[in-house]
Amino acid sequence: MAYRRLLLPLTGTAAGEAALATALMVARIWNAHVHCLHVRVDARDVAPLAGEGLSGAMIEEMMAATERESGDRASRVRALFERFAAGSGDVSIANSAETALKSGGPTLSFESIAGREEDVVAQQSRLYDMAVVPHPEAGEDVSSSDALHAVLFDSGRPVLIAPRVAPASIGTRVCCAWNGTGESAAAIAAALPWLHRASARRILYADEYQRRGPPVEGILAYLHWHEISAEAQLFKPITKDVGAGLLGATRDFNADLLCMGAYSHSRLRQLILGGVTRHVLENAEIPVLMCR
């Protein structure tokens with residue numbers, strides 16, 4: 001069992017560069033293919049937003065300006081992709097499954113299409129083993145990261161959130177957060193390839209984090225059936241913040257990958273009151289594998 005096909009929604013930001021570097025690291029581990037997808041704004045989507053009272057000429061000018069800006073950004077993203085591809089000697093370009101499989105190593109491809117990013121990315125992710133997404137931008141409300149949440153909620157696939165800075169390693173020491181929910185079970189199932197490969201594994205649990213569902217002993221038994229040994233570690237919230245306690249326990253283990261379920265409580269509740277998922281998305285400094 002391995003990850004063979006990864007989707008990377010690619011942007012021209014610093015976070016996008018770190019996500020590309022992270023995806024290439026994953027591709028090298030699994031001899032996987034990374035399809036970099038840039039979604040351009042469709043100028044036709046601007047017209048319904050223009051409102052009443054604008055002349056046809058004004059709307060056309062807005063659409064033309066949107067088209068120019070979108071094209072410029074697409075060119076920058078393509079240049080970023082080509083620069084990374086040129087600097088990655090062991091990664092070749094492959095635009096078909098046949099070419100990728102014949103290469104025998106990690107491969108890359110690039111595509112730029114017009115549409116609504118959150119819709120296109122969520123739908124396309126369903127055809128990949130995993131989506132790798134950039135870390136939410138610094139200073140940006142994590143709850144407004146539409147593409148990230150669309151993939152989490154609508155793709156049915158695991159999502160690897162890249163850190164702000166590309167990691168030195170990934171998947172050698174793995175922490176899994178367990179709270180008995182279906183989301184945490186899905187995350188651990190999706191992480192099985194990483195867990196088989198890791199040199200050290202720890203299941204993190206806490207009374208304050210536990211929901212209705214099997215206790216930590218149950219998931220340890222499940223992993224044993226997969227011939228995976230892991231230690232269970234109780235963690236404590238930091239100043240009553242479960243997310244901070246979870247990340248603290250991850251750092252104590254010197255983990256380079258955290259896997260966890262996302263939004264056991266509703267996203268609206270986490271938006272208003274905060275929550276574990278929100279805290280981890282905003283503050284994690286290592287790659288995080290999430291499932292919803």
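Colleague: Which residue of β4 is the bridge partner of His35?

Modeller: The bridge partner of His35 in β4 is Ser109. Strands here are DSSP runs of E with at least two residues, and helices are runs of H or I with at least four, both numbered from the N terminus.

Colleague: What kind of model is this, and how are residues numbered?

Modeller: It is a predicted model, in which local features need pLDDT of at least 70 and side-chain atom pairs count only at pLDDT 80 or more, while totals for chains, interfaces and linings use all residues. Residues are numbered from 1 along each chain as its sequence is written, and side-chain values use heavy atoms, with hydrogens and water left out.

Colleague: Back to β4: in which sense does it pair with β2?

Modeller: β2 (residues 33-40) and β4 (residues 107-114) pair in the parallel sense over 8 bridges; two strands pair if DSSP finds at least two bridges between them.

Colleague: How many strands form the sheet, and which are at the edges?

Modeller: The open sheet is formed by 11 strands in the order β3-β4-β2-β1-β5-β6-β11-β10-β7-β8-β9, with mixed pairing. β3 (92-93) and β9 (231-234) are the edge strands, each pairing on one side only.

Colleague: Within β5, is Met130 buried or exposed?

Modeller: Met130, in strand β5, is buried at 0% relative accessibility. Buried means under 20% relative accessible area, exposed over 50%, and partly exposed in between, with a 1.4 Å probe and protein chains only.

Colleague: What does Met130 touch beyond its sequence neighbours?

Modeller: Neighbours within four places aside, its contacts (heavy atoms within 4.5 Å) include Leu7, Val26 and Leu289. The C-alpha atoms of Met130 and Leu7 are 6.5 Å apart, although 123 residues separate them along the chain.

Colleague: Changing topic, at what angle do α9 and α11 pack?

Modeller: α9 (residues 242-252) and α11 (residues 276-283) pack at about 50°, their axes 8 Å apart. Axes are lines fitted to C-alpha atoms, for helices over the stretch in contact, and angles run from 0 to 180 degrees between N-to-C directions.

Colleague: Which residues make that contact?

Modeller: On α9 they are Val242, Gly243, Ala244, Leu246 and Leu247, and on α11 Val276, His279, Val280 and Asn283.

Colleague: How many residues of α11 are buried?

Modeller: In α11, 6 of its 8 residues are buried, including Arg278 and Leu281.
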